[in-house]
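Q: Could you walk me through how to read a structure like this one, feature by feature? I'd like the general idea first and then the case at hand.

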Amino acid sequence: LHIAYKKVYLTSMEITGDTYFSQPGTYQLQITPNSPRANDFTKIEWSISKNSCNATINAVTGELTLPKVGTEAEKPEATVTCKATLSDGTTLTATTTLGFYFRKCRVGDIVFHDGTYSDKPNKNKVAIGVCFYIDPKDETRRLMASTQELSTGIQWGLYPASDNNGFTGIDLADSPGYNVFDTPVTNIGSHGMQTNYVTDANYRDEYTEDGFKEFADTVGAGDIGFMRLPRDYTFRGHTYEAGTYLPRGFYKTLQIMQHRNTILQDSDVALPLPQASADETELQCLNRLMSDIVMEHDNLGKWRQFYYPAASMCHAFEPTVKAGMTLNDKFKAGMWFLGGIGDYYRCYWYHKERNVTDSQYAIFQKWVELGLFNAWRATWYWSSTEYSQNIAWYVYFSDGFTYHNYKCNSYSVRAVAAF
């Protein structure tokens, strides 16, 4: 018997998959080679270091058996090694450290498509966000910024003007007297800091639990994290009961969407709502509808304002996962939102730390360098926080300058989600 085959060299490999295990059981570890077709090896052998949880590994299959786990305070760990013997007799090795305990989420963790998180990458999962906020009063209330830059050059919403920047005379037949320019979002008139810049002096306080100054939720710097609903709120047939904690930006985004829908569905306006179908996602539908309305009106970009693009794009966003993967329901379209201005203050502060030597707070830069996070750009980012019917808040990610500007302006947006 003579078998001919093309030799594909194994030049590198790494152990991939979860690195923290919080429950006893059996787990299959995986090795990822430089090429899935690599065949230049004769033997694969797994081993594990001695550990307090008595974990063992099958030398041939790489199946991990974990009889017990410890606590995060104890941090029981073990080093796993995979050795490949190549056809010329040389060897390649890959090692990783596994933790046998439940690890609490920390600011700066990467969040994956299935809802798990880690301080280490995982090639078997899709990274969709980076945690930038954990509520000091309840560590289960957490926010993450999307790994993707959602869009640039996006208007906030309808702007009152008699020129090509906006509109006048929009009266709703079904809701007489309704102000199409002023959403139900509570206006915020001040950033709450000493100056208009997000700096250490304005924003940090090392003596608080999370290291940041405490601000009232009536100012921009306090428009972050979660709020307790004062009354029932219903959107698209789903009722959020009074007393429920929702992200502030999520609640504002829902209010903006409700406002948008009231306008679009008015019998005098009669514009279609963006929605997913078998042929396109909600975000694709939204982009098509905005493109259509612009083309129908002599290519005037102001007509996109009817769709309140900044919040709508975040609301319609849904990360793409690989074939065979299932996206956690909490990350599907309708769960992402345009953050409150305080959310983006926090993101900017961590973003600027990339310029501080050896800063432990450069939480985004770590993942940028690993290719898992699209870096924040030196540009203006909209928030869901309104200043007035004409104006909304933004933050400039070049230097942390924050102010409010006309809703007709085109800035960038990056979606936020709770997890």
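A: Let's begin with surface: accessible areas come from the Shrake-Rupley method with a 1.4 Å probe, and for residues only the protein chains shown count as cover. Here the protein's accessible surface is about 20000 Å², and carbon and sulfur atoms hold 47% of that. Bear in mind that this is a predicted model, where local features need pLDDT of at least 70 and side-chain atom pairs count only at pLDDT 80 or more, while totals for chains, interfaces and linings use all residues. Residues are numbered from 1 along each chain as its sequence is written, and side-chain values use heavy atoms, with hydrogens and water left out.

Q: What are the overall dimensions, and how many residues count as buried?

A: Taken along the principal axes, the C-alpha atoms fill a box of roughly 85 × 60 × 40 Å. "Buried" means under 20% relative accessible area, "exposed" over 50%, and "partly exposed" in between (1.4 Å probe, protein chains only). By that cut-off, 50% of the 419 residues are buried.

Q: And how do I read contacts and charges?

A: A contact means heavy atoms within 4.5 Å. Of the contacts in the protein with a separation of 6 or more, 62% link residues 24 or more positions apart. For charge, Lys and Arg count as positive and Asp and Glu as negative, with His and the chain ends not counted; each charge is placed at NZ of Lys, CZ of Arg, CG of Asp or CD of Glu. That gives 38 positive and 46 negative side chains, with the centres of the two sets 7 Å apart.

Q: Which residues touch the most other members of the largest nonpolar core?

A: The general idea is that in soluble globular proteins, nonpolar side chains tend to be buried together. A nonpolar core is a set of buried Ala, Val, Leu, Ile, Met, Phe, Trp, Tyr and Cys residues joined through side-chain atoms within 4.5 Å. The largest one has 96 residues, and Phe-132, Phe-306 and Phe-364 touch the most other members. Apart from it lies another core of 20 residues, which includes Leu-29, Trp-46, Ala-55 and Leu-64. Back at Phe-132, leaving out residues up to four places away in sequence, its contacts include Val-107, Leu-143, Met-144, Tyr-350 and Phe-364.

Q: How many helices and strands are there?

A: Helices (H or I, at least four residues) and strands (E, at least two) are DSSP runs, numbered from the N terminus. The count here is six helices and 23 strands.

Q: In what order do the strands of the six-strand sheet run?

A: Two strands pair if DSSP finds at least two bridges between them. The six strands form an open, antiparallel sheet in the order E10-E9-E11-E12-E23-E18. Strand E10 (117-118) and strand E18 (337-338) are at the edges with a single partner strand each, so one side of each has no neighbour in the sheet. Inside that sheet, E9 (residues 110-112) pairs antiparallel with E11 (residues 127-134) over three bridges, and Ile-110 has Val-130 in E11 as its bridge partner.

Q: Which strands form a hairpin?

A: E20 and E21 do, with four residues between them, and Gly-400 in the turn has a positive phi of about 85°. E20 (residues 391-396) and E21 (residues 401-406) are antiparallel and share six bridges; Ile-391 sits opposite Tyr-406 in E21. Tyr-197, in the loop between strand E13 (151-154) and helix H1 (200-203), touches Gly-400 and Phe-401, among others. Tyr-197 counts as partly exposed, at 34% relative accessibility. The C-alpha atoms of Tyr-197 and Tyr-403 are 9.0 Å apart, although 206 residues separate them along the chain.

Q: Is helix H4 enclosed or exposed?

A: Eight of the eight residues of H4 are buried, so the helix is largely enclosed by the rest of the structure. His-315 is found in H4 (residues 309-316) and is buried at 2% relative accessibility. Among the residues His-315 touches are Phe-235, Arg-236, Glu-282 and Trp-336.

Q: Where does Tyr-307 lie?

A: Tyr-307 is in the loop between helix H3 (282-295) and H4. Tyr-307 counts as buried, at 1% relative accessibility, and its contacts include Arg-260, Pro-272, Leu-286 and Ser-312.
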